[in-house]
Amino acid sequence: MSVAQVKRIAISDSPWPWLAPLIALLVVFTIYPLFYNIWLSFHEFVPRKRTLAFVGVDNWVQLWNDTRFWGSLGVTFLYFVIALAVELVLGMAIALLLDAELPGFGALRAILSMTLVIPPAIAGMMFLLMQDPQFGVISYFLGQLGLLDKSTPILATSSLALIGVLLAEIWQWTPFMVLIFMAGLRSLPSEPYEAAMIDGASSFQMFRRLTLPMMSKVISVAILLRGIDLFRVFDCLNWVENMRVSMDAVIEENKLCEAAICYTGDILNSARPKYDLKYYVGLAQELEKAGAHIIAVKDMAGLLKPQAA
């Protein structure tokens, strides 16, 4: 193809010069990895030969019969539904409240969007500390209100862990929904609302009959964007799991009992621990006698030497 032909294509009305870079990126980073992973799913890595061996549908059969897969899929779907519903309702409510030109509302909108620049891993660590049973502010206030025992670790209790993780998700990403809904609200025409007020319609009637129908496409886009992110969420949950300070010590029949010991330092004098190492060794021995099979020691203050930890 000559230079003249390339110039003619570039200045013509054909969409291909503009679509070609996007198509190339999709092929390289989306389509090819997708089919490559599907191809890998029919193979198994053989460490001794360091090659891939074809196993047919064995991996898919094993996945289908794995109860952990179905359990995790159910938890993911529950996480998706709850987070999306709460963010959708809160985002719309806050957007309606901030959709006004009152003094200070511009600053509120700017402050509200600050959570979006925080990396999810950092947000997960923040809520991990706030939900700590020893010094977490969320655990403290829930204990003061009588809703939760102060010694109950939220993220280490099976019935509360999902709620604790959802708090971080909703706190960080509800402003994203607010910004989308506010952009949609600002683009709505004012004439239908003026006619509705003349006819004596209430605020709720205008919201149900006018705002929601006209905002349907914006709401659909918001649900699509957040739904995709919620299904592939990893970093926040990964940090919460890896940095979790304490775990349940459950002794029930012959089930696995897990416990965790947190070695902390004095806040006022970090060079002096509250308890010496002998205390934690004795506690670990007691937990082992009680049936704890896994005992994890987390050195939060960095006071233990590697040999001691």
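Colleague: Which residues do ring pairs link into a cluster?

Modeller: Tyr32, Tyr36 and Trp39. This is a predicted model, where local features need pLDDT of at least 70, side-chain atom pairs count only at pLDDT 80 or more, and totals for chains, interfaces and linings use all residues. Residues are numbered from 1 along each chain as its sequence is written, and side-chain values use heavy atoms, leaving out hydrogens and water.

Colleague: What counts as a ring pair?

Modeller: Rings of Phe, Tyr and Trp (its six-membered ring) pair if their centres lie within 6.5 Å. Planes under 30 degrees apart are stacked, over 60 edge-to-face, the rest tilted.

Colleague: How many aromatic pairs does the structure hold?

Modeller: It holds 10. One of them is tyrosine 36 with tryptophan 39, stacked, at 5.9 Å centre to centre and 25° between the planes.

Colleague: Where do tyrosine 36 and tryptophan 39 lie?

Modeller: Both are in helix α2 (residues 16–40), 3 residues apart, about one turn of the helix. Helices are DSSP runs of H or I, at least four residues, and strands are runs of E, at least two, numbered from the N terminus.

Colleague: Is tyrosine 36 buried, partly exposed or exposed?

Modeller: Partly exposed, at 37% relative accessibility. Buried means under 20% relative accessible area, exposed over 50%, partly exposed in between (1.4 Å probe, protein chains only).

Colleague: New topic. Where is the kink in α8?

Modeller: At tryptophan 173, shortly before proline 175. The kink is about 35°. That bend is the angle between axes fitted to the seven residues ending there and the seven starting there.
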